[in-house]
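Student: I have a protein chain to read, and I would like to learn how to describe its features with care. Could we go through them one after another?

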Amino acid sequence: MSNESAHVNTEIASDAPLYKTSMCALCGLIYNERDGWPEEGIPPGARWEDVPADWICPDCRAGKSEFEMTEV
């Protein structure tokens, strides 16, 4: 019986896009780059820096500056 533990591959494919999330500091709404916000005219895959500066939170109307990068 071997005491070796199973090797788990935790590498991410180099061609896989790494999407980030941002959270509204006022209401907690999460913006996920992978999903975008099509209802607000932001397509899936849109990076946070590509979201217009005048975009506002659809839940609490906070400005983009109220969002913080988060890890989910």
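Tutor: Let us begin with burial: a residue is called buried when its relative accessible area is under 20%, exposed when it is over 50%, and partly exposed in between, with a 1.4 Å probe and protein chains only. By that rule Ser22, with a relative accessible area of 1%, is buried. The model is predicted, so local features need pLDDT of at least 70 and side-chain atom pairs count only at pLDDT 80 or more, while totals for chains, interfaces and linings use all residues. Residues are numbered from 1 along each chain as its sequence is written, and side-chain values use heavy atoms, with hydrogens and water left out.

Student: What percentage of the 72 residues in the chain do buried residues make up?

Tutor: Buried residues make up 25% of the 72 residues.

Student: How many helices and strands does the chain have?

Tutor: Helices (H or I, at least four residues) and strands (E, at least two) are DSSP runs that are numbered from the N terminus. This chain has zero helices and three strands, and Ser22 lies in strand 1.

Student: In what order do the strands form the sheet?

Tutor: In general, strands of a sheet pair through backbone hydrogen bonds, either parallel or antiparallel. Two strands are said to pair if DSSP finds at least two bridges between them. Here the three strands form an open sheet in the order 2-1-3, with antiparallel pairing. Strand 2 (30-32) and strand 3 (67-70) each have a single partner strand and stand at the edges, so one side of each is left without a neighbour in the sheet.

Student: How many bridges join strand 1 to strand 2, and how many join strand 1 to strand 3?

Tutor: Three bridges join strand 1, which covers residues 21-24, to strand 2, and Ile30 in strand 2 is the bridge partner of Met23. Four bridges join strand 1 to strand 3, where Phe67 is the bridge partner of Cys24.

Student: Which residues does Ser22 touch?

Tutor: A contact means heavy atoms within 4.5 Å. Leaving aside residues up to four places away in sequence, Ser22 touches Leu29, Ile30, Tyr31, Trp48, Phe67, Glu68, Met69 and Thr70. Leu29, counted in this way, has contacts that include Ser22, Trp37, Trp55, Cys57 and Phe67.

Student: How many aromatic pairs does the structure hold?

Tutor: A pair of aromatic rings is described by the distance of the centres and the angle of the planes. Rings of Phe, Tyr and Trp (its six-membered ring) pair if their centres lie within 6.5 Å, and planes under 30 degrees apart count as stacked, over 60 as edge-to-face and the rest as tilted. The structure holds five aromatic pairs. In one of them, the rings of Tyr31 and Trp48 have their centres 5.2 Å apart and their planes at 50°, so the pair is tilted. Tyr31 lies in strand 2 and Trp48 in the loop between strand 2 and strand 3, so the pair ties together parts that are 17 residues apart in sequence. Tyr31 is buried at 0% relative accessibility, and Trp48 is buried at 12%.

Student: What can be said of Trp55 and Phe67 as an aromatic pair?

Tutor: Trp55 and Phe67 form a tilted pair, with 5.4 Å from centre to centre and 55° between the planes. Trp55 lies in the loop between strand 2 and strand 3, and Phe67 in strand 3, so this pair ties together parts that are twelve residues apart in sequence. Trp55 is buried with a relative accessible area of 6%, and Phe67 is buried with 8%. Tyr31, Trp48, Trp55 and Phe67 form one aromatic cluster.

Student: How many residues does the largest nonpolar core have?

Tutor: A nonpolar core is a set of buried Ala, Val, Leu, Ile, Met, Phe, Trp, Tyr and Cys residues joined through side-chain atoms within 4.5 Å. The largest one has twelve residues, among them Cys24, Leu29, Tyr31, Trp48, Trp55 and Phe67.

Student: Is Arg61 buried or exposed?

Tutor: Arg61 is exposed, with a relative accessible area of 54%, and its place is in the loop between strand 2 and strand 3. Most residues other than glycine have a negative phi. Arg61, although not a glycine, has a positive phi of about 70°.
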